[in-house]
Each structure stands twice: as C-alpha cells, then as structure tokens.
Amino acid sequence: MPLSIYEINAMKPDERTLLLSTLIPRRLLDMFSIDPESFRNKAGKECLKITCPEKMPFFQIDLRRDPGDRDPAYFLDVSNSPFGQMEISFIIVNDPDGERFAVDRDENGLETYFGTARRNTSEEIRAMEVGLCPGQVRRGLRIRADMVKAWDSFFERVGHKFYFLEPLSYNSAIIYEWSGFQYIKGKEKMRWIDQEFKPGGELYKQLDGSTPFRKPGNHLTVRGRSWAVHDGILGEPWESPKMYKTCGVDAGTSTFTGEGY
C-alpha cells in the first residue's frame with residue numbers, strides 16, 4: 001500500500017481511483033444516485049474527476065451530481081505537509097440544489113478568494129441572512145460525520161496515524177473541533193476569541209451594529225461570531241490555526257462556550 005502522495009500519484013489509474021474513492025462518503029453517492037463503482041449518475045454521465053499530477057505532492061477529488069454543474073458537490077485537495085504527513089489543503093461541500101450566492105466574485109466579477117482579497121458585501125449579506133457562513137456559495141449537505149469517517153479510513157489505510165488541516169474560517173475551526181480534531185497551533189487564539197466574545201469582552205463591545213456583520217447577539221453563535229471575524233473584528237486578518245486528527249479517535253477539543261451553531 002502506498003504511503004506517500006508521490007506513490008499514490010504514480011499508481012495505475014484504476015487502482016488509484018479505487019483507493020482515492022474511499023475518501024468520498026458513500027452517503028454522498030447515494031444522495032445523488034451515483035454508482036460507487038463507475039461513478040456515473042443515472043443519465044450515465046461520469047461524475048468523478050481525480051487529478052493526480054505525477055511527481056507532484058498533491059491530488060484532487062472533484063465530485064459533481066452532474067459534470068455540467070457549476071460547482072462541485074464535494075471537492076478535496078490533499079497534499080504533503082512540511083512534516084511529511086498528509087494534510088487536507090482544501091475542502092468544499094455544496095448542495096447543488098441550493099440557491100447560489102456570488103460571494104466568490106466581487107461586483108466587477110473579480111475573484112474574492114473567499115473574502116481575503118476583496119469582498120462582495122451585498123452577496124455576503126444575502127448569504128448570511130439565510131444562514132450560510134463566510135465563504136459558502138451554497139448551503140452544505142450535512143455530511144460532516146460521514147466525511148470525517150471516510151477521511152479516517154483512508155489515511156489509516158495508507159499508513160498514517162494522523163492527518164492535518166488548516167481551517168479557512170472561524171466556524172470551520174469549531175466544526176473540526178466537534179469532529180475530533182485538536183490543535184497544533186492556534187488553540188490559545190481560539191480561546192482568546194471565545195473569552196473576548198463574552199459580555200464585557202473586547203470583541204463583544206464591537207458588536208454594535210456598525211456593519212450588518214456585527215449585530216448585537218452575534219456572540220452567541222458560531223455563525224454569528226464567524227461573520228464578525230470575517231468582517232475584521234479581530235483587527236487583523238484571520239490566521240488559520242493548524243489542526244490534526246488521530247485516525248479512529250473522536251475526542252477533540254472545545255474552545256466555544258456560546259449557545260449554538
């Protein structure tokens with residue numbers, strides 16, 4: 001069994017697809033009536049695209065309900081970490097039937113890079129009002145538990161006891177906490193954020209309604225806090241913490257003491 005991404009990318013295509021498909025939750029395939037062997041939908045169209053550049057330290061999985069869909073239902077980018085371990089560099093989960101919000105492009109059509117380079121605030125407000133979190137162009141699919149279980153199974157299968165990721169938003173970090181991940185770096189910052197969102201704290205005081213993303217009461221939920229963080233309430237850009245998961249172990253950590261998601 002290959003132990004590195006370089007070895008995986010050098011495998012025969014059929015064998016490689018069989019191995020990497022274990023990263024796709026079976027419930028997701030069932031949801032869209034995609035055959036788990038051919039990865040074709042009911043119309044006979046191939047829905048899975050796997051990118052494995054030879055001699056490169058990453059691979060990508062792109063699953064769509066239909067190959068003509070604008071956005072993937074499930075996208076995963078896995079790369080080698082600086083420590084020789086594998087890490088999930090990027091993850092997207094979209095409900096293709098959900099309304100789309102153009103938070104990925106500004107009013108001039110330029111890429112926002114998830115709001116880090118520029119923002120489309122009118123679309124962000126629309127997304128926020130229907131319950132989405134920063135960076136989401138569509139609602140998710142509620143497959144977190146199945147997804148993490150599939151990840152655990154794959155990384156354990158290729159001989160890794162741990163795997164890593166860096167959450168791109170505050171809400172993502174909390175979700176991964178709830179999924180059994182722990183921190184290598186950034187836990188103290190997450191605890192500081194939780195403390196300062198409590199009544200009387202530095203961040204709590206800034207929930208003054210000065211922008212649509214800083215509404216009083218946002219401190220109570222993960223989603224509300226995340227929009228405020230996205231809006232720059234920290235006074236500095238969001239710095240992704242470094243997290244890891246032990247395969248088969250669900251005991252994570254918790255830095256959120258609010259009331260709900």
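Select Asp71 and Arg138 to begin: their side chains are joined by a polar contact of 2.9 Å. A polar contact is a pair of N or O atoms within 3.5 Å; within protein, one must be able to donate a hydrogen and the other to accept it, and residues adjacent in sequence count only if both atoms are side-chain atoms. You are looking at a predicted model, where local features need pLDDT of at least 70 and side-chain atom pairs count only at pLDDT 80 or more, while totals for chains, interfaces and linings use all residues. Residues are numbered from 1 along each chain as its sequence is written, and side-chain values use heavy atoms, leaving out hydrogens and water.

Where does Asp71 sit? Look in the loop between β2 (58-63) and β3 (74-80); helices (H or I, at least four residues) and strands (E, at least two) are DSSP runs, numbered from the N terminus. Asp71 is buried, with a relative accessible area of 11%. Buried means under 20% relative accessible area, exposed over 50%, and partly exposed in between (1.4 Å probe, protein chains only).

Next, select Trp151. Leaving out residues up to four places away in sequence, Trp151 touches several residues, including Leu23, Tyr74, Ile88 and Phe181; contact means heavy atoms within 4.5 Å. Trp151 is also among the residues that touch the most other members of the largest nonpolar core, which has 53 residues. The largest share of this core, five residues, comes from α5. A nonpolar core is a set of buried Ala, Val, Leu, Ile, Met, Phe, Trp, Tyr and Cys residues joined through side-chain atoms within 4.5 Å. For a second, separate core of five residues, pick out Phe101, Val103, Ala127 and Val137, which are among its members.

Move on to helix α9 (residues 222-230). Eight of its nine residues are buried, so α9 is largely enclosed by the rest of the structure. Which helices do the buried residues of α9 pack against? Show α4, α6 (170-178) and α7 (187-196) to see them. After α9 comes Gly232, with a positive phi near 95°.

Finish with two loop residues. Is Arg142 buried or exposed? Arg142 is exposed, with a relative accessible area of 80%, and lies in the loop between α4 (121-129) and α5 (144-157). Although not a glycine, Arg142 has a positive phi of about 55°. Ser33 has a positive phi of about 55° too, and is partly exposed at 34%.
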